[in-house]
Amino acid sequence: VDRRARHREGGVAVNRAEAHLLRSQLFVPALSEHFVEKAPDLGAAAVIVDLADSIAPNMKTKAREAAAGIVRRIAARGLPVFVRVNNDTAHLKADLEATMDSPLAGIYLPNAESVEQVRHVSHLLRAAEQRHGRVAGTTALVLLLESPLALLHAAALAASDDSVVALVFGSEDYATAMGVAPTLEAMRMPAYQLGLAARAFGLAAWGVAGSIAEFTDLDSYRTVAVVARDAGYTGACAIHPRQIAVLNDVFGVSRADMQAAADIVAAFDQALAQGKGAVAHHGKMLDLPVVERARQMLAKARR
């Protein structure tokens, strides 16, 4: 069943394997019609409709009422659509209910800090799915880790619920909680910590090892994205359209990378045909781990 068909059926549009392929996602405020209209055409692999940080407290209800319609409009263009809900008792349950009558890919849960919290939200989500005729367990859950406590619990959060498909590093809120600026030096360690936890449990890891707010100095933004990629991250979330091309490039596979990987696989396969378990290639020894990385890169490029 292809992704668009699953959108029509109201089932999950992003499973764990597909989550690894989302190089870029764009945050769109639910009440910003200008950005909602443009979002599908900006090159992001997915869109996140925001009901949380970008919505003023007195406008939460209006944003919630608009959410399902926005998801339908964007999903009709073939993109997976997530919704970032408000993680507080005043809004959480209502936010979940409001999104169920739409071809929703998944829920972004901000301020995830404990296993108990995630399981409680998962329970609310499953109940909402059943009330709205969706197959239970088919709406993905994405956890935003935005505090020191969350990062300390990263591995437990990654393993907390089968519906979780990705962990996201909330570098801005994390830096605020630590009382530091979100510089590369300050964010490198927690970024690596989240990447390790996510990949250990088969989840996607999204974010950059620095500020997500930079959209004028794109060279600096590229640097923190590259560090995240090298920490095992599979993509990141953009807050401005100018960031999307950087993320698609950094987390994608270039033609040069594809050719190098193909050459490695060909050289190794030729060596195996000759009864050899390892072979020198361009001054380096090729063995199984090196070749497996090359095969993974080619598979990613094909997908």
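User: Where is S147 found?

Analyst: In this predicted model, S147 is found in the loop that lies between β5 (140-145) and α7 (148-152).

User: Is S147 buried or exposed?

Analyst: S147 has a relative accessible area of 11%. Buried means under 20%, so S147 counts as buried.

User: Which residues is S147 in contact with, leaving aside its neighbours within four places in sequence?

Analyst: With those neighbours left aside, S147 is in contact with E113 and Y174.

User: What joins the side chains of S147 and E113?

Analyst: The two side chains are joined by a polar contact of 2.5 Å.

User: Let us turn to strand β1. How many of its six residues are buried?

Analyst: Strand β1 covers residues 24-29, and five of its six residues are buried. The strand is therefore largely enclosed by the rest of the structure.

User: How many bridges join β1 to β2, and how many join β1 to β8?

Analyst: Five bridges join β1 to β2, which is made of residues 46-50. Three bridges join β1 to β8, which is made of residues 236-238. β1 and β2 run parallel, and β1 and β8 run parallel as well.

User: Which residues stand opposite F27 and S24?

Analyst: F27 stands opposite I48 in β2, while S24 stands opposite A236 in β8.

User: And which helix makes a β-α-β unit with β1 and β2?

Analyst: That is helix α3, residues 33-38. Together with β1 and β2, helix α3 makes a β-α-β unit that is right-handed.

Technical notes:
Residues are numbered from 1 along each chain as its sequence is written. This is a predicted model: local features need pLDDT of at least 70, side-chain atom pairs count only at pLDDT 80 or more; totals for chains, interfaces and linings use all residues. Side-chain values use heavy atoms; hydrogens and water are left out. Buried means under 20% relative accessible area, exposed over 50%, partly exposed in between (1.4 Å probe, protein chains only). Helices (H or I, at least four residues) and strands (E, at least two) are DSSP runs, numbered from the N terminus. Two strands pair if DSSP finds at least two bridges between them. A crossover is right-handed if, with the strands pointing away from the viewer, the path from the first strand over the helix to the second runs clockwise. A polar contact is a pair of N or O atoms within 3.5 Å; within protein, one must be able to donate a hydrogen and the other to accept it, and residues adjacent in sequence count only if both atoms are side-chain atoms. Contact means heavy atoms within 4.5 Å.
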